[in-house]
Amino acid sequence: MSDNNSSTGKSYLDSAIAQGQSALGSLTGSSGDKTEAAARKDQAAAENEASHSVGKLGPLNVSPSGGVSTDDPNRSEGSWNQTVGSAKESLGGLVGSEALKKEGSQQNAEGKGQEAQGQLSDFGSGVQDRVKGAAGGMVAGITGDREKEEEMRRIHEDAKTKQRSAEADIQKQAEA
């Protein structure tokens with residue numbers, strides 16, 4: 001659907017070709033095949049990484065393919081509630097107020113849930129809109145409607161950006 005060089009599918013194909021080329025090099029003893037396979041494998045890894053990268057500025061997300069999306073409001077509001085809740089917990093501990101610590105802890109927990117809800121919403125709508133864009137693009141390509149095909153490509157790319165942004169945030173939290 002996209003003609004850029006950061007396709008996840010293309011990176012998987014290149015990686016598989018590199019594996020085959022490496023095996024051939026091992027069988028034939030060709031160091032040239034092995035070297036070329038290693039270079040192709042590195043390129044495939046870079047393509048895969050690029051297809052998953054998303055630049056983020058506040059609630060705005062941008063991908064190398066030009067996709068643009070905004071976060072579900074629950075993601076930023078949840079993050080804000082976590083920050084305020086943590087501050088209340090710290091302040092409560094500092095001044096010896098158990099009520100303020102408890103209130104902060106509760107707000108922090110609610111913020112985590114709110115942020116997760118926003119992430120899941122973005123992930124789900126991203127997947128749904130990617131399917132819509134891919135299917136619509138295929139239909140438009142078959143019917144020859146280039147304008148509609150471009151519109152569907154844009155929907156697909158924007159949705160991919162939304163999905164990848166949610167995936168990146170979910171991954172960060174899993175690693176924390």
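Me: How many helices and strands are there in the protein chain?

Reply: This is a predicted model. The protein chain contains 5 helices and 3 strands, and along the sequence these elements follow the pattern α-α-β-β-β-α-α-α. Of its 176 residues, 29% count as buried.

Me: How is the span of helix α4 to be read against the span expected at 1.5 Å a residue?

Reply: The expected span is 1.5 Å times one less than the number of residues. Helix α4, residues 98–143, has 46 residues, and its first and last C-alpha atoms lie 67 Å apart, close to the expected 68 Å. Gly144 follows α4 and has a positive phi, near 85°.

Me: Why does Arg153 count as buried?

Reply: A residue is buried when its relative accessible area is under 20%. Arg153 has a value of 17%, so it is buried. Arg153 belongs to helix α5, residues 146–175.

Me: Which side chain is joined to that of Arg153 by a polar contact of 2.8 Å?

Reply: In an α-helix, residues three or four places apart point the same way, because there are 3.6 residues a turn. Here, the side chain of Glu150 makes the 2.8 Å polar contact with that of Arg153.

Methods:
Residues numbered from 1 in each chain as written. Predicted model: local features only at pLDDT ≥ 70, side-chain atom pairs only at ≥ 80, totals over all residues. Heavy atoms only, no water. Helix = DSSP H or I, 4+ residues; strand = E, 2+ residues; numbered from the N terminus. Buried < 20%, exposed > 50% of the residue type's maximum accessible area, 1.4 Å probe, protein only. Polar contact = N/O pair within 3.5 Å; in protein donor to acceptor, adjacent residues only side chain to side chain.
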